[in-house]
Amino acid sequence: MQDNKHDDEVDKSAHAGVRTPLDHTKTVNKILLLVAGMFCFAFALVPLYDVFCKVTGINGKTNTEAAVYTATDIDETRTITVDFITRTNSGMPWEFTAQTRKIDVHPGQMNEVAFYVRNPTNRDIIAQAVPSVSPGTAALYLNKTECFCFQHQPLKAGEEALMPMVFYVDPQLPEDITFFTLQYTLYDITRTVDKDTVDVAMN
Amino acid sequence: MKFSSFISYMSVLLIVCLSFAAQAIDTGRSNLNMRPGVSDISNQVYGLHMLMFYVCIAIAVVVFTFMFYSMVVHRKSKGAKAANFHENLTVEVVWTIVPFAILIFMAVPAAYTLIDMEDVSKPDVTVLVTGSQWKWHYKYMDNDVEYFSVLATEQGQIRNQLTKTQNYLLEVDRPLVIPTGKKIRFLITSDDVIHSWWMPDFAIKKDANPGFINEAWTNVNTPGVYRGQCAELCGKDHGFMPIVVVAKEPAQYDAWVAEQEAIAQRARDEEQRLLSMNMSMDELMSQGEKVYGAVCAACHMPNGEGLPGVFPALKGSALALEDIPGHIRIIVEGSPGTSMASFAKQLTMSEIAAVVTYERNAWGNDTGDIVQAKDINAIMYGKE
Amino acid sequence: MVSTTDTTHSGDRDADTQDHVASDHIDDHHHHEAPYGISRWLLTTNHKDIGTLYLWFAFIMFLVGGAMAMVIRAELFQPGLQIVEPNFFNQMTTVHGLIMVFGAVMPAFTGLANWMIPMMIGAPDMALPRMNNWSFWILPFAFLILLSSLFMEGGGPAFGWTFYAPLSTTYSSDSTALFVFSVHIMGISSIMGAINVIVTIFNMRAPGMTYMKMPLFVWTWLITAFLLIAVMPVLAAAVTMVLTDKFFGTSFFDAAGGGDPVLFQHIFWFFGHPEVYIMILPAFGIISQIVPTFSRKKLFGYASMVYATGAIALLSFIVWGHHMFTTGMPVEYEIFFMFATMLVSVPTGVKVFNWVATMWRGSISFEIPMMFAIAFIVLFTIGGLSGLMLAIVPADFQYHDTYFVVAHFHYVLVTGAIFSIMAAVYYWLPKWTGKMFDITLAKWHFWCSLVSVNVLFFPMHFVGLAGMPRRIPDYALQFADFNKWISVGGFAFGLSQLIFLALIIKACRHQGESVSSQVWDGAEGLEWEIPSPAPYHTFETPPIVR
């Protein structure tokens, strides 16, 4: 009974010979290369993610450096409504409001809006504004030529300021997007910043 | 037994089970099943869910029927002799293609519903929803109404000292109010860690990511009170930050908004008035105890003893006994890198003054210190 | 302990004739006295010993992780906070998950791989025996670190086994450092083990054993090993980024510094999804060994089984987004991940059909391994079907982060992976010990586990659908009745495992009826050609496979 069941016969009587010690070095090295490669790949995911998001705009992050305005025709047939939301993160005591809460723009047209900030406390604070756009895909088409979010913003105790933001909406904005929201969250980064390297860019 | 008889028996059994199950499940509001909800989208989602469910049941029944039949009929103890086949191209191709087709059948309606759900255009009302540890904040973008929404269930119920009431853990002090029949757009973000805003009756669940906004929308058909919960682990009180939305007819909603604006204005006026006033020790202690119970006791415990190693005790602590400015400052600014958040936005200055006074005098601390709203104002904005 | 040729212990064991297989005399110079005592276990390079170590370690970890589950279910027995504080509850859910994934399921499969792969391919041992020893011994070290973090001030990790940032970075306690260190060590262990498996299978198969003649268990482990090599380094990177964000001022996941918390989820789930296939592919292999044996019929569709496993492994790399449908992903990507995820059910379904077709018109008997295998097929299929429901994005918005998900993954992991491990242990235990285990105890174990596991996890579908989120220590009143039953099921399932413990201890004492090398009359494969208990060294001379 037993013999019929085996497709693979095991021939123990014929010695295949003594085993010589095998050298696995080449195989092991190839695998180790793969391990190292995947480790590096994971870290590479960080800049890859950034690039991917910049190119597709899907996570709503906007340009982190000033865009250059290339003169294009203003598309007067389309009107895009832009909402501005201002928030301060927990523990950030500044007043932060958008002077213009909502603005209707044409793609290709330059617009300037201003944001009011005030440090009501008795200590100097450095802030970082982090923008986020919803729907995320609209972020790709929001081009800021001047923004307080590009640098750290310091305010001395009791100081206030008006921060401009200049932008234009790229005419390539998909047809189905007729409005989007831009949110700025202000973080207190005084503790993490070396005061000597602060840039100032305000009125 | 013959395979055909087996199939007949199984089919009858299946039909009986399914109809019974359908009765039990499809009652709209049951403990067994998702709810259809109160918007067109939520009903579509429910429909998709039930469709998938029935398809899965059907697949399971077919597969298990073959399997159980085999277990009964092809048993060695029944004298079954093993056949010899171990491949069959036709059968294998069929049972690859057919499931593939079933998947397409399921995926297409799902994709359409999804595209509908993500279309946030032309809203009537926009609300900014901010999650933080461990409460929600709502701000209406079309007017100036904004407020925190905090769990209203008392600690006594949670700690099993009081009987639990019907909406245990699903009630808040100030619910979100929206109009029915209008498109409501939610902008969702977070102040600290990732939370998630989930309203089962609207089929909305969207993560609240710190520093980023997400969008969702709904259009509620039926007025009523709807309850949801935070749906992303966010720390110790993840289970204690519910969401309550009250949907009102548009006219009532407008009235409510006007009322809220009036309330907010009165609160601002009151705050100004209190800044120049002094409250008595009794007033401060009484209000302080309320604030403490609603806001601080979850971590620092009703008896002020905290949780050793995790949340510091206030009873007998140096901050509460000696350092008044430090005591005020830690509540106003929070303690970065710890769970102690800043409460400057959630509490008014008089509330902070009351709770500081309470903490300095309760549980035997008995410092006799009295802290007024103007002291808080001084720390937050002035010289010290 | 399961010792194969421990000739120095007194007692009722077969004698030292088992030391050497008849055909190998030649290079015996390593075999003086059979090793014994603590140094045997500390220094062993023998795949059978190391397999035993892994299996015992996994079982102990299973009981430890299970105890944490008992704490969770005790707190959830009734509404209200009765037993633990919410912060400790979160530590329990976190460490329960970490232990079960990295301390129970993965080491158990690795233990089975160590024991069985060399024998199944006619090799004398694993390719890198000394690295094999290290792979094992760093594991108890890693878990000691993890468990000790629970006693730190501030408590142990409490952010879920998925440790999303910024909860795990800015808002966690200092024990995060120990957690990171411990995960690094577990990762190194898995990677070394996987390297060993791949090199062994590539280089040491007996002459005549072509790839398409290898047993399915060997195939599934080969593919699993490649998945491990590919994704454990990604976990290592993710956990390192959490460490640097928390302690060294980087901002990978911190919006204030220009980072993105959702990036963490992408990196984690790029590891996390293949990880769950790592935890199930060996199970598929085990079932593919057991069902043909007890159906007395060859596995149906051997080649499709191999291709299906490969397809599942490849697909596992492109579905990670289905864990992130609520993060605010654009529609196009949600649709892509939905389709790709649904696609995985095709090769998985093919495997289930093939097992049923193997049984069809076979000659089936219902020994304990077969009962566990059948339970696996039915219950894993239920888990897989709930997975299919989860893939549907609009519906997932209602299921995500609720008990519906908890039900799904416990069905595939407990009644799936864990049951397959138990099936494998029952299947191969007589080969390891030379004795049939106590069948009465085994039957009690099976039936108690089967009933209690369903009482435990099936109602979770309902409470999840009814609206109960996961990772909460207290819940609204409408969930109370089901939670009570779930907890009862949990306690019962926990107790049932003590039956298993008793049975294993009994088996290790070599009590029971002796078995032949064949053990099960339908079994085929090289491991059934050698005596039971398997000699300390086997296939020192390779067999020729035709």
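A residue counts as buried here if 20 or more other C-beta atoms lie within 10 Å of its own, exposed if 12 or fewer do, and partly exposed in between, with C-beta atoms placed from the backbone. Helices (H or I, at least four residues) and strands (E, at least two) are DSSP runs, numbered from the N terminus. This is a predicted model, so local features need pLDDT of at least 70 and side-chain atom pairs count only at pLDDT 80 or more, while totals for chains, interfaces and linings use all residues. Residues are numbered from 1 along each chain as its sequence is written, and chains are lettered from A and ligands numbered from 1 in the order in which they are written.

**View 1. Strand β8 of chain B and its partner β5.** Five of the five residues of β8 (residues 214-218) are buried, so this strand is largely enclosed by the rest of the structure. B:Asn214, B:Ala216 and B:Thr218 point one way, while B:Glu215 and B:Trp217 point the other. Strand β5 (residues 184-190) of chain B runs antiparallel to β8(B), joined by five bridges; two strands pair if DSSP finds at least two bridges between them. Look for B:Phe186 opposite B:Ala216.

**View 2. The open five-stranded sheet of chain B.** Read across, the strands go β4-β10-β9-β6-β7, with mixed pairing. At the edges sit β4 (176-179) and β7 (204-208), each pairing on one side only. Inside the sheet, β6 (residues 195-199) and β9 (residues 224-230) of chain B are antiparallel over two bridges, and B:Trp197 has B:Cys230 as its bridge partner. Helix α5 (residues 250-275) of chain B lies across β4 and β10 (243-248), running at about 135° to β4(B). Axes are lines fitted to C-alpha atoms, for helices over the stretch in contact, and angles run from 0 to 180 degrees between N-to-C directions.

**View 3. Helix α15 of chain C.** This helix (residues 480-508) has 29 residues. Its buried residues include C:Phe482, C:Ile486, C:Phe493, C:Phe500 and C:Leu503. The buried residues of α15(C) pack against α2 (47-75), α13 (403-433) and α14 (439-466) of chain C; contact means C-beta atoms, placed from the backbone, within 7 Å. Just after the helix, C:His510 takes a positive phi of about 60°.

**View 4. Where chain C touches chain A.** The contact takes 43 residues from chain C and 36 residues from chain A. On the chain C side, α5 (176-203), α6 (216-247), α7 (261-278) and β1 (544-545) each supply at least two residues. The largest share, seven residues, comes from α6(C).

Conventions. Two residues are in contact if their C-beta atoms, placed from the backbone, lie within 7 Å. The expected span of a helix is 1.5 Å times one less than its number of residues.
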